[in-house]
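Please keep the sequence and the model in view while reading.

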Amino acid sequence: MIKGSCLCGGIRYEYQGEINEISMCHCSQCRKAQGSAFVAICPIESALFKITAGAELLKEFRAVSYKARVFCAKCGSPIYSARDDLPQVKRLRLGTIETPFQCQNAYHIYAESKASWHEITDQLPQYAEGKI
Ligand SMILES: [Zn+2]
Ligand SMILES: [Zn+2]
């Protein structure tokens, strides 16, 4: 079982599935949403994901109409994003996970949009835009 929380600890969640993918997105929206060079996410099954505390703190922002970026209203930690047309999937922000896990299936997306000051120095696959 994967457990995680936001920075203030108000929001806690559990995920019964596995983290089998690490998608590092360098697009300009993700960079702004995280305040960082990229975001690391994993697509997860909504049915196996449960908010166990602080559901009332979940706030969402939509940079595009069909996709909600969900964060903690108190501390600002990004928790997940979800598309209206794909309710069975959420994209969990891996930085909020507390349970140690390993995953070799990592890759970069929107590598062409990366920050000018950031160099990708690993040998992981890079996709210019999204992964097909
Ligand atoms: Zn919080
Ligand atoms: Zn992105």
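From the N terminus on, the elements of the protein chain follow the order β-β-β-α-β-β-β-β-β-β-β. Here helices (H or I, at least four residues) and strands (E, at least two) are DSSP runs, numbered from the N terminus. The radius of gyration, taken over C-alpha atoms, is 14 Å, close to the 14 Å that the globule rule (2.2 Å times the number of residues to the power 0.38) gives for 132 residues, so the protein chain is as compact as a globular protein of that length. Its C-alpha trace spans about 35 × 30 × 30 Å along the principal axes.

This is a predicted model, in which local features need pLDDT of at least 70 and side-chain atom pairs count only at pLDDT 80 or more, while totals for chains, interfaces and linings use all residues. Residues are numbered from 1 along each chain as its sequence is written, and chains are lettered from A and ligands numbered from 1 in the order in which they are written.

Seven strands form an open sheet with mixed pairing, in the order β6-β7-β8-β9-β4-β3-β10; two strands pair if DSSP finds at least two bridges between them. At the edges stand β6 (58-64) and β10 (106-109), each with a single partner strand, so one side of each is left without a neighbour in the sheet. On average, neighbouring strands of this sheet are turned by 30° against each other, direction ignored, the axes being lines fitted to C-alpha atoms.

Two pairs of strands may be examined in detail. A hairpin joins β6 to β7 through two residues, and these strands pair in the antiparallel sense over five bridges. Within this pair, Glu60 stands opposite Val70 in β7. Strands β8 (residues 78-83) and β9 (residues 89-93) also run antiparallel and are joined by two bridges, with Ser81 opposite Arg91 in β9.

The interior comes next. Buried residues, defined as those with 20 or more other C-beta atoms within 10 Å of their own, make up 25% of the 132 residues. A nonpolar core is a set of buried Ala, Val, Leu, Ile, Met, Phe, Trp, Tyr and Cys residues joined through C-beta atoms within 7 Å. The largest such core has 20 residues, and Cys25, Ile79 and Leu92 have the most contacts inside it. The largest share of this core, four residues, comes from β4. Leaving aside neighbours within four places in sequence, the contacts of Ile79 (C-beta atoms, placed from the backbone, within 7 Å) include Cys6, Ile11, Val70 and Phe71.

Key
Buried ≥ 20, exposed ≤ 12 C-beta atoms within 10 Å, placed from the backbone. Axes fitted to C-alpha atoms, helices over the stretch in contact; angles between N-to-C directions. Contact = placed C-beta atoms within 7 Å.
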